[in-house]
4 protein chains.
Amino acid sequence: MSLGMPVVDLNADLGESFGSFKVGQDEEVIPLVTSANVACGFHGGDPRVMDRTVRACREAGVAVGAHPSFPDLVGFGRRAMDVTPFEAETDIVYQVAALAGFCRRNRIDLQHVKPHGAINNLAAHDTALAEAIAVGVASYDPGLILICQPETELARAAEQVGLRVAREGYVDRAYGPDGRLVSRRQEGAVYRDPERAVQQALRMVTESTVVAIDGTVIQLQVDTLCVHGDNPEAVNLLRLLRQELAAAGVQLQPLAEVLR
Amino acid sequence: MSLGMPVVDLNADLGESFGSFKVGQDEEVIPLVTSANVACGFHGGDPRVMDRTVRACREAGVAVGAHPSFPDLVGFGRRAMDVTPFEAETDIVYQVAALAGFCRRNRIDLQHVKPHGAINNLAAHDTALAEAIAVGVASYDPGLILICQPETELARAAEQVGLRVAREGYVDRAYGPDGRLVSRRQEGAVYRDPERAVQQALRMVTESTVVAIDGTVIQLQVDTLCVHGDNPEAVNLLRLLRQELAAAGVQLQPLAEVLR
Amino acid sequence: MSLGMPVVDLNADLGESFGSFKVGQDEEVIPLVTSANVACGFHGGDPRVMDRTVRACREAGVAVGAHPSFPDLVGFGRRAMDVTPFEAETDIVYQVAALAGFCRRNRIDLQHVKPHGAINNLAAHDTALAEAIAVGVASYDPGLILICQPETELARAAEQVGLRVAREGYVDRAYGPDGRLVSRRQEGAVYRDPERAVQQALRMVTESTVVAIDGTVIQLQVDTLCVHGDNPEAVNLLRLLRQELAAAGVQLQPLAEVLR
Amino acid sequence: MSLGMPVVDLNADLGESFGSFKVGQDEEVIPLVTSANVACGFHGGDPRVMDRTVRACREAGVAVGAHPSFPDLVGFGRRAMDVTPFEAETDIVYQVAALAGFCRRNRIDLQHVKPHGAINNLAAHDTALAEAIAVGVASYDPGLILICQPETELARAAEQVGLRVAREGYVDRAYGPDGRLVSRRQEGAVYRDPERAVQQALRMVTESTVVAIDGTVIQLQVDTLCVHGDNPEAVNLLRLLRQELAAAGVQLQPLAEVLR
């Protein structure tokens, strides 16, 4: 990280369309982020979408990561499944390697992995699952970065196997005083006001703190900000965020640069 | 290829089980072949099966190839599908890369690709499909070998994109005077007699000829013999074949050695 | 059909969303048609979508039909597959029965079946496939109506097994002088001008003729008009069509009434 | 139930093959049971297998039930999934109705429903899931029988919605003093000795008791005995069981007769 000048990565989930089923606004979002989490076919994404998304990222200078999921297309990977560690580990290898194939074909390095939806949520607290994911990623390529929320089992497991960890902050989600995301079901968990989201992002990046839902100021160092791009408002928030980060002298760089 | 001493590869389809559904006799077949065509999840195989099969091959000193298919699990990849070239190309990349991931994790090189079932049959005659497959493989790794029947569109396409081609002979199938396999629906297309299959194999390897169903002797140079292992009789044929090849002074080597 | 007053059904494909993947504008289209072809899970549709779509149809007074497909979600059922007649027959029974289950649960009769995409296109000319579909439908419920293009193998097969046939006309597609649809790949095959589509519909319903792409006037008796609802323009065309049909004194009724 | 003469049903899971993947020994098991739980495509079974299995049951005089599952083919429906009640309810309707379609086509009534694997295990204790299953079944056909373990949430939910409940006993599994099955992971949970399994079955049917793993004698009234048929030993146990039940004067009848 360059001294004095704060730097951060912006990551978004991309390439989640499947066959004739279109989701997201990838064309508008890709130029606005620095790292893309590309779906690998288990919750969204198909080989055509994967190829086109990786190519669009390379052309836009956006770094590519794999976004593996539980095998649950109809549930979009959002439903917890009681898989064994070996099932999780091998499902991760399969998906990461498949996406890496499209990177190789499009002459761009695979930069990172960010698990999707339910498997990511469970791996924050489930040690065995977290280890299975980390081991799966490292067994395929120990040079990959794993995007994790700070202080989770997944972050610990990634460090244990020697993966680089990118600490992720959420722009439009409220934090509890324990540094964890407040459940979406709780009132005020998701910020509707773009200004508020932008302020949280700025604070995370420039002060390494976040104001929790109860007013507590907590420490939170982040390497990457998770942004959404699946609706027109999200794209507007993303534009506003880039503008304000630039105004605050924050530099945007892909993860591999941020962690250098 | 060593001077004077004929050498050939034995390839078989392996790793086609899926979840709780077991097919084939992989444990008995793996030690008897030199190259394995490992299913990649579209007609059979799942990430656990892929991992275990690749590991078993490495431990047995058997070379590993990808065995990609049309996306048709219920039809076991045996039903023709009217896919576009781009669909075929990207389906191939996805599957080959996924299997390559399990090779990388198990520290063994991916040696070759052999398309499975209907996509392989169609690619013998369909130029656009053949090119899509060859381009897909080469775009992922131009160093891979493609197993093809001689004189097919697939073999031509593979050569055009610079892939090494392994010419495949069938041990237990009758050939027509045009050098093509006789349709399974025709009387006598499949040899029930193991002796006859072994004789055809020996002739292919030592004389580069095959006696067609009408008695014509045709030229057929082969680098690899396709054998089956999905029933007890097939395993017996495989044992007999190895014994007779050894007696005839034929050396067995993985494809990469045969083509060296 | 009531004497003097022409009557016709309007059918549209509905319920093709899948999980988080939304397609179509079902809420706007359902009130504008008289019969719905509801996807059954093989190319689109899932059990939630099926249930909601059937319920919305019942509430809007729209008759429900099954819209079975080849098993090809990623290809949206638009890719030809070389299935056996028994495979087609049983795939049809499975899908039609599953949709009938949601009808039964929502207390509405299943009115008809219209095959989707590639299986429908192939069944126009492939006698064995057409018979398999007709036999499948009749083996489940001989009282169902099958929507077919006139003069196709599917229409003949349906009549042979004793199903009622609803003859379908296309509003926005050009016909050849042989009464068949002009291939989409041909210039002028799809009408962009809503006025032209409406004129073709009126002519079909009130005069039982259509002007082919070469100017020939051909006979074409139709019981139902196929309309699209998957884009905002299609919804506008549908509104205009209803208005013009009403102005011309044409009554709209579900198929079961039209064929009475 | 006939006075004096005890009567019981024997149920087994059948039709779990999928495409080219064969499991079970259906041909040998069907003649030995009185009720078949037929897979519906979500964990096993495909439309061909469903049709053939239903037909074979009808020809053997065996009653047919649906055996719906979580949508998890690769996990054979054995992995818990965190689905919503509406997801469970509609997945049940879809599968039950699809199987009922093959019954209708083969002119045999659908007799019962028995949930498969993980969804069945969870529904024993999860009230919301149990209600969703019961409501799903009853919304399709309130005349169906639901096979449940006694004293489970599923049994209570089924009774609440007015379904007939068939109380199921396990022949080769140990019970705890609370009347619940001992976890498979515990030593002694599964009986290897066929004699012991047969003795447990006889006691259940003739005395309505079972000796728990700690020696406690508990009450357990059963209408149906669950037997396995997926291995040669299971078939032998099934034969022995029938012989001993006959010797003890126990009559075998399909569920619908047992509950009459």
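This is a predicted model: local features need pLDDT of at least 70, side-chain atom pairs count only at pLDDT 80 or more; totals for chains, interfaces and linings use all residues.
**Entry 1**

Residues are numbered from 1 along each chain as its sequence is written, chains are lettered from A and ligands numbered from 1 in the order in which they are written, and side-chain values use heavy atoms, with hydrogens and water left out.

I then asked which helices of chain B each supply at least two residues of the side that touches chain A. They are helix 2 (47-60), helix 3 (85-105) and helix 5 (127-140); helices (H or I, at least four residues) and strands (E, at least two) are DSSP runs, numbered from the N terminus. Helix 3 of chain B gives the most, with 13 residues. By class, I recorded 11 nonpolar, five polar and nine charged residues on this side of chain B. Nonpolar covers Ala, Val, Leu, Ile, Met, Phe, Trp, Tyr, Cys and Pro, charged covers Asp, Glu, Lys and Arg, and the others, Gly among them, are polar.

**Entry 2. Salt bridges and area, chain B against chain A**

I found six salt bridges across the interface of chain B and chain A, each a side-chain nitrogen of Lys or Arg within 4 Å of a carboxyl oxygen of Asp or Glu. The side chains of B:Glu89 and A:Arg105 form a salt bridge at 2.7 Å, N to O.

Contact (heavy atoms within 4.5 Å) joins 25 residues of chain B with 25 residues of chain A. The two chains bury about 2,200 Å² between them, 59% of it on carbon and sulfur atoms; buried area is the accessible area (1.4 Å probe) that two parts lose on being put together, summed over both. B:Arg48, B:Tyr94 and B:Arg105 supply 32% of the area that chain B buries against chain A, more than any other three residues.

**Entry 3. Chain A against chain C**

Here I recorded 16 residues of chain A in contact with 16 residues of chain C. The buried area is about 1,100 Å², and carbon and sulfur atoms give 72% of it. A:Ser20, A:Phe21 and A:Val74 lose the most area in chain A, together 53% of what that side buries. I found zero salt bridges between chain A and chain C.

**Entry 4. Aromatic pairs**

I counted 16 aromatic pairs over all chains. Rings of Phe, Tyr and Trp (its six-membered ring) pair if their centres lie within 6.5 Å; planes under 30 degrees apart count as stacked, over 60 as edge-to-face and the rest as tilted. For A:Phe21 and C:Phe18 the centres are 6.3 Å apart and the planes at 35 degrees, so this pair is tilted. The pair crosses between chains, and in chain A as in chain C the residue lies in the loop between strand 1 (7-14) and helix 1 (26-29). Both A:Phe21 and C:Phe18 are buried, where buried means under 20% relative accessible area, exposed over 50% and partly exposed in between (1.4 Å probe, protein chains only).
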